[in-house]
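Subject: Structure handover

Hi,

Here is the structure I promised to pass on. Have a look at it first, and then read my notes below.

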Amino acid sequence: MKSAMAAKNERDASAVPSRMQRFASLVLTDDRDQRRAITMVLTTTALYSVCLALLAFGVLYGVFPIERIGVLALLLALAGPVFYAIIRSGLNLRFSEPKLAFPQALVAQSMIALAYTVCGPVHSATIIFMAVVTVYGMFDMSMRRVRLVLLYTLAVMALVMAWKVHTDPQVYQGPLEIMYFAMMATSLTAISLLSMLVSKMRKRLRSQKDELAQALARIQIAATHDELTGLANRRHMIALLGEHITRRSRGGPGFAVALADIDHFKNVNDTHGHRVGDEALMTFAHLARVQLRSADLVARWGGEEFLILLPETNPPGEPNRAVERLRAALAMASASDHVPDLRIAFSTGLTRYIDGEPIDDMIERADRALYAAKDAGRNRTVTV
Ligand SMILES: Nc1nc2c(ncn2[C@@H]2O[C@H](COP(=O)(O)OP(=O)(O)OP(=O)(O)O)[C@@H](O)[C@H]2O)c(=O)[nH]1
């Protein structure tokens with residue numbers, strides 16, 4: 001069996017980030033979205049490195065002279081680090097699309113167009129990289145931006161091809177260039193259409209995810225709150241009491257509970273109707289929120305009964321004062337807009353939590369105190 005010390009050391013070790021994690025934090029940052037953006041830049045940088053290696057290979061075997069590819073090589077070497085620096089510094093967060101997929105796609109297509117003009121006999125092979133860029137954009141660009149990148153690419157390539165046919169007809173032969181352009185336009189348009197479909201699907205998925213999150217939040221509120229008064233419900237209050245008991249067992253503050261029951265509530269319903277009765281319950285809930293301390297928690301325990309959790313804060317006796325403040329406020333306030341003269345009062349059973357006792361024992365004691373308050377003439381607090 002592991003010693004307590006060994007287990008503690010293990011826990012401590014897992015809390016300290018490993019060297020690898022620290023390196024990843026440094027290079028990729030700890031922000032999830034920024035990490036995704038940087039990962040994309042690093043991937044394209046790797047692709048640019050492969051292109052640089054291919055250029056070096058071409059120069060080495062005399063496919064094209066070194067002076068012709070100088071500018072392209074410089075751009076390929078700079079593009080990745082420049083985008084990395086922009087994103088790593090957080091400058092990208094100022095833009096509407098922080099991943100910078102759109103400008104990166106435009107830069108990539110421009111470099112490929114440049115490669116097309118300098119790669120001599122292998123120029124037609126560079127077109128394939130344009131398809132790669134379009135596929136990349138699929139996951140991060142809106143439909144509008146995919147369309148813009150396509151139009152930009154086709155326009156630039158039409159100009160580049162026409163210019164090369166005119167200035168270097170030996171290598172860039174008119175009929176062949178027309179065929180290359182047609183093949184490129186067809187494949188890029190097809191990929192862009194697919195890209196737009198994916199973009200549409202992503203948008204739909206995102207809105208469904210948002211709707212689900214909202215529905216979940218609504219369900220959580222419905223499961224923990226009372227519909228009429230908006231107060232915590234009995235189930236939620238039991239969970240809150242459990243949390244306070246756990247905190248207390250770990251040396252946290254003590255607390256008291258007050259079980260409050262509206263006096264002669266049946267009369268309110270019988271005399272003025274259920275709707276006015278509901279309004280009276282809402283008035284109680286509203287004033288409880290306003291009059292109790294911010295740390296106090298109120299729940300509708302059932303019917304016209306409410307449970308107030310009163311954490312013990314200095315000075316002692318404060319819980320009782322909070323309840324009496326609520327009593328005084330209710331005595332002054334109209335309980336219903338429909339019956340302006342209607343006032344409601346309540347009786348309270350108040351008790352402190354005794355360390356180690358089960359929740360039910362404390363509630364039972366508060367209930368007994370509540371009955372004693374009713375027996376003693378109502379509209380008062382009995383503390384046990
Ligand atoms: N309008 C309304 N009435 C409710 C609701 N829940 C419970 N009640 C009513 O609350 C009344 C409770 O009546 P009783 O238990 O006899 O208590 P009481 O009339 O307040 O008498 P004491 O507690 O002895 O002062 C019943 O008439 C219930 O119908 C509710 O959500 N809305």
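Predicted model: local features only at pLDDT ≥ 70, side-chain atom pairs only at ≥ 80, totals over all residues.

First, the overview. The protein has 13 helices and 5 strands. Of its 384 residues, 27% are buried. If you take contacts between residues at least 6 apart in sequence, 69% of them join residues at least 24 apart.

**Helix pairs**

Let's start with α6 (residues 127-137) and α8 (residues 174-224). Their axes cross at roughly 10 degrees and come within 9 Å. With the cut-off above, α6 and α8 are therefore roughly parallel to each other. On the α6 side the contact uses Ile127, Met130, Ala131, Thr134, Val135 and Gly137, while α8 brings in Tyr180, Met184, Ser187, Leu188, Ile191, Ser192 and Ser195. Sorted by class, that contact has 8 nonpolar and 5 polar residues, with no charged ones.

α8 also packs with α7 (residues 143-167): here the axes come within 9 Å and cross at roughly 175 degrees. α7 and α8 are therefore roughly antiparallel to each other. From α7, the residues in contact include Met143, Arg147, Leu150, Leu154, Met157 and Met161; among those they meet in α8 are Glu177, Phe181, Met184, Leu188, Ser192, Met196 and Lys200. By class, the contact of α7 with α8 divides into 13 nonpolar, 6 polar and 3 charged residues. Note that Met184, Leu188, Ser192 and Ser195 of α8 turn up in the contact with α6 and also in the contact with α7.

Have a look at the loop between α7 and α8 too, where you'll find tyrosine 172. Is tyrosine 172 buried or exposed? It has 22 other C-beta atoms within 10 Å, and the threshold for buried is 20 or more, so tyrosine 172 counts as buried. Leaving aside residues up to four places away in sequence, tyrosine 172 touches Lys164, Val165 and Glu177.

In α3 the contact includes Ile38, Val41, Tyr48, Leu52 and Leu55, and in α4 it includes Ile69, Leu72, Leu76, Phe83 and Ile87. By class, the contact of α3 with α4 has 18 nonpolar, 4 polar and 1 charged residues.

**The sheet**

Now for the strands. They form an open sheet of 5 strands in the order β2-β3-β1-β4-β5, with mixed pairing. β2 (297-302) and β5 (381-383) are the edge strands, each with a single partner, so one side of each has no neighbour in the sheet. From one strand to the next, the twist averages 20 degrees.

- β2 pairs with β3 in the antiparallel sense over 5 bridges, with leucine 297 opposite leucine 309 in β3. The two strands form a hairpin with 2 residues between them, and glycine 303 in the turn has a positive phi of about 50 degrees.
- β3 (residues 305-311) is mostly covered, with 5 of its 7 residues buried.
- β1 (residues 255-262) and β3 are antiparallel, joined by 7 bridges. Leucine 259 has leucine 307 as its bridge partner in β3, and alanine 256 stands opposite leucine 310.
- β1 and β4 are also antiparallel, again over 7 bridges, and valine 257 faces threonine 351 in β4.
- β4 (residues 346-352) and β5 run parallel, joined by 3 bridges. Threonine 348 has threonine 381 in β5 as its bridge partner.

How many residues of β1 are buried? The count is 8 of 8, so β1 is largely enclosed by the rest of the structure. Both of its faces are covered: Phe255, Val257, Leu259 and Asp261 are buried on one side, and Ala256, Ala258, Ala260 and Ile262 on the other.

Over to you!

How values were computed: Residues numbered from 1 in each chain as written. Contact = placed C-beta atoms within 7 Å. Helix = DSSP H or I, 4+ residues; strand = E, 2+ residues; numbered from the N terminus. Nonpolar A, V, L, I, M, F, W, Y, C, P; charged D, E, K, R; others polar. Axes fitted to C-alpha atoms, helices over the stretch in contact; angles between N-to-C directions. Parallel < 35°, antiparallel > 145°, perpendicular 65-115°, else oblique. Pairing = 2+ DSSP bridges. Buried ≥ 20, exposed ≤ 12 C-beta atoms within 10 Å, placed from the backbone.
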